[in-house]
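Welcome! Have a look at the fold shown below, then try the exercises and check each step against the solutions.

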Amino acid sequence: MRYRRGASAERELARMLERHGYAVLRSAGSHRVDLVAGNGREYLCIEVKSTRGSRLYLPKEDVERLLSFANRFGGKPVIAVKFVNVGWRFFRPEFLGSSGKNYRVEPSSSFLTLEELIGRQRTLTGVVGDEKA
């Protein structure tokens, strides 16, 4: 069941990125990263997790493997977590909190939205009440 939920989350995130103009490749067996996505200007190396819990512990070696691959590939390392009861959260590895041999991730941890991750967050125009902001 755990594999199915993880694979489903990978496919869901791949579709989300494709809708934003990224080409996405899923890695069979996930030996290095789960998804590699690019749009010609930016490349993302993504480790995807899904949990029903309120926190997730990532082994440090998984994060180190992601960082090593992203560095060699020239992409931005990202940890994408689908908290089933909260939604998607995107984390930069350098901002993860350490907990012994693991990194601890919670929905309230410092995260990026999908729009922030791909650089499409709308900025305020400075006009209060402007619906286009």
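Two strands pair if DSSP finds at least two bridges between them; strands (E, at least two residues) and helices (H or I, at least four residues) are DSSP runs, numbered from the N terminus. This is a predicted model, where local features need pLDDT of at least 70, side-chain atom pairs count only at pLDDT 80 or more, and totals for chains, interfaces and linings use all residues. Residues are numbered from 1 along each chain as its sequence is written, and side-chain values use heavy atoms, leaving out hydrogens and water.

**Exercise 1.** Trace the sheet of 5 strands.

*Solution.* Start with the order, β1-β2-β3-β5-β6, an open sheet with mixed pairing. Its edge strands, β1 (23-26) and β6 (87-91), each pair on one side only. Now step inside: β2 (residues 35-38) and β3 (residues 43-51) run antiparallel, joined by 4 bridges. For one of these strands, take Val-36, whose bridge partner in β3 is Cys-45. Helix α2 packs on this sheet, touching β2, β3 and β5 (76-83); contact means heavy atoms within 4.5 Å.

**Exercise 2.** Trace the sheet of 3 strands.

*Solution.* The order is β4-β8-β7, open and antiparallel. At the edges lie β4 (56-59) and β7 (97-99), each pairing on one side only. Next, β7 pairs with β8 (residues 102-105) over 3 bridges, and Ser-98 has Tyr-103 as its bridge partner in β8. Helix α2 (residues 60-73) packs here too, touching β4, β7 and β8.

**Exercise 3.** Is Asp-62 buried or exposed?

*Solution.* First locate Asp-62 in helix α2. Its relative accessibility is 16%, so Asp-62 counts as buried (under 20% relative accessible area; exposed is over 50%, partly exposed in between, with a 1.4 Å probe and protein chains only).

Definitions and conventions
Axes are lines fitted to C-alpha atoms, for helices over the stretch in contact, and angles run from 0 to 180 degrees between N-to-C directions.
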